[in-house]
Amino acid sequence: MKAMNNIIEKAKDRHSRIVLCEGEDRRVLHAAFEVQTRGIASIILVGNRANIQEAADAADIPLDDFDVIDPDVSPLTDDLAEHYFLLRQKKGITREQALIETRKPINFANLMVAKGMAEGSVAGATHTTKDVVRSAIQIIGLDKKSTIVSSFFLMMLCQPFHTLKGGLIFSDCGLVIDPTDEELANIALAAARSAENLLMVEPKIAMLSFSTSGSAQHESVSKVVRASQLVKQQAPNIAIDEDVQLDAAIVADVAKKKLPNSNVKGQSNVLIFPNLEAGNIGYKLAERIGGAVAIGPLLQGLAKPANDLSRGCSNDDIVNVIAVTVMQNELALTDSNRVKGSP
């Protein structure tokens with residue numbers, strides 16, 4: 001888990017505030033305690049204070065070191081509700097409705113992120129992915145480089161039997177069902193930024209297909225090729241292989257035979273799947289049969305970090321996602337500064 005350990009160590013230097021809206025869940029409380037104890041981030045717990053206290057007592061977790069905010073009584077609620085109203089008034093929401101929505105912990109947490117009161121949010125231990133993503137999109141919104149919000153898995157290959165070791169980005173394996181050419185290109189570019197930020201490597205993209213360099217003819221192959229060309233137009237210096245099969249993407253000897261002119265040469269660290277069906281199956285095969293550790297699904301394309309958890313997540317899963325969220329804020333700040341500095 002060297003790549004994940006690097007992320008955690010770098011997160012410690014950021015002194016970030018991460019807000020969690022599921023403090024009544026024992027796993028979340030244990031993870032929050034570990035994160036603060038290890039200095040990975042400062043945790044803000046949002047929710048009903050009495051319920052959080054009861055859960056903390058049952059889990060033997062002291063709340064003294066946490067900032068616990070109850071939206072029903074917090075002095076922040078009215079200001080955040082006004083911000084929510086301004087964001088959603090064109091959708092017909094009233095101030096009264098905005099106040100009701102703001103008192104929901106998941107919305108309150110994302111409003112804190114949107115207003116700069118926290119650097120990121122993590123939810124999903126008890127909320128559905130649909131709820132997590134909808135709240136993030138409505139309140140935090142998309143970054144200026146993205147047209148969609150997509151997801152990725154950080155796949156860790158760290159067992160002695162793994163011939164390929166280290167971290168890989170798999171995208172999109174959890175959100176966009178059947179991306180268009182433009183959406184697939186956007187997913188690839190976002191995943192490349194995720195690789196650069198989290199794995200701290202030069203991204204090398206493989207646009208996966210059942211074809212390698214035109215070995216098969218089909219519209220699904222053509223879509224992958226068109227998306228690859230869009231990526232090249234927007235990032236001409238990036239290493240990318242169009243319509244490449246998985247073996248040629250990650251095995252150098254196979255790449256020499258199947259794709260002698262490869263830009264990636266069988267050393268891909270960003271694997272872009274043509275659709276959600278392939279991506280979901282692919283990451284689960286790598287995890288369940290290949291023994292990889294899958295961290296995610298993590299969200300990309302948002303203006304500020306907000307991440308989803310599996311409802312079956314463990315304490316360690318939550319700790320890892322919080323650390324990733326801290327590092328994603330670094331990427332969001334970098335992208336924001338680039339936009340401000342552009343002509």
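The accessible surface of the chain comes to about 15800 Å², and 50% of that belongs to carbon and sulfur atoms; areas here are Shrake-Rupley with a 1.4 Å probe, and for residues only the protein chains shown count as cover. This is a predicted model, so local features need pLDDT of at least 70, side-chain atom pairs count only at pLDDT 80 or more, and totals for chains, interfaces and linings use all residues. Residues are numbered from 1 along each chain as its sequence is written, and side-chain values use heavy atoms, with hydrogens and water left out.

Overall dimensions next. The chain holds 13 helices and 11 strands, taken as DSSP runs numbered from the N terminus (helices H or I, at least four residues; strands E, at least two). The radius of gyration is 21 Å, close to the 20 Å from the globule rule for 343 residues, so the chain is as compact as a globular protein of that length. That radius is taken over C-alpha atoms, and the rule is 2.2 Å times the number of residues to the power 0.38. Along its principal axes the C-alpha trace spans about 65 × 50 × 35 Å. Of the 343 residues, 52% are buried, meaning under 20% relative accessible area, with exposed over 50% and partly exposed in between (1.4 Å probe, protein chains only). Of the contacts (heavy atoms within 4.5 Å) between residues at least 6 apart in sequence, 72% join residues at least 24 apart.

Now the sheets. One is open, with 5 strands in the order S3-S2-S1-S4-S11 and parallel pairing; two strands pair if DSSP finds at least two bridges between them. Strand S3 (67-69) and strand S11 (306-308) are at the edges with a single partner strand each, so one side of each has no neighbour in the sheet. Neighbouring strands are turned by 25 degrees against each other on average, direction ignored. Strands S1 (residues 17-20) and S2 (residues 42-46) run parallel and are joined by 4 bridges; Arg 17 has Ser 42 in S2 as its bridge partner. Helix H2 (residues 26-38) packs on this sheet, touching S1 and S2, and its direction makes about 155 degrees with that of S2. Axes are lines fitted to C-alpha atoms, for helices over the stretch in contact, with angles from 0 to 180 degrees between N-to-C directions.

The other open sheet has 6 strands, ordered S8-S7-S9-S6-S5-S10, with mixed pairing. Its edge strands are S8 (239-244) and S10 (293-300), each pairing on one side only. The twist averages 20 degrees from one strand to the next. Strand S5 (residues 150-157) runs antiparallel to S10, with 6 bridges between them; in this pair, Phe 152 stands opposite Leu 298. Helix H12 (residues 276-288) lies across S5, S6 and S10, at about 20 degrees to S5.

What about disulfides? The count is 0, with a cut-off of 2.5 Å between cysteine sulfur atoms. The sulfur of Cys 313 is 12 Å from the closest cysteine sulfur, in Cys 21, too far for a bond. Cys 21 is buried at 8% relative accessibility, and Cys 313 is buried at 4%.

At 0% relative accessibility, Ala 323 counts as buried. Beyond its neighbours within four places in sequence, Ala 323 contacts Met 4, Ile 7, Ile 8, Ala 11 and Ile 40.
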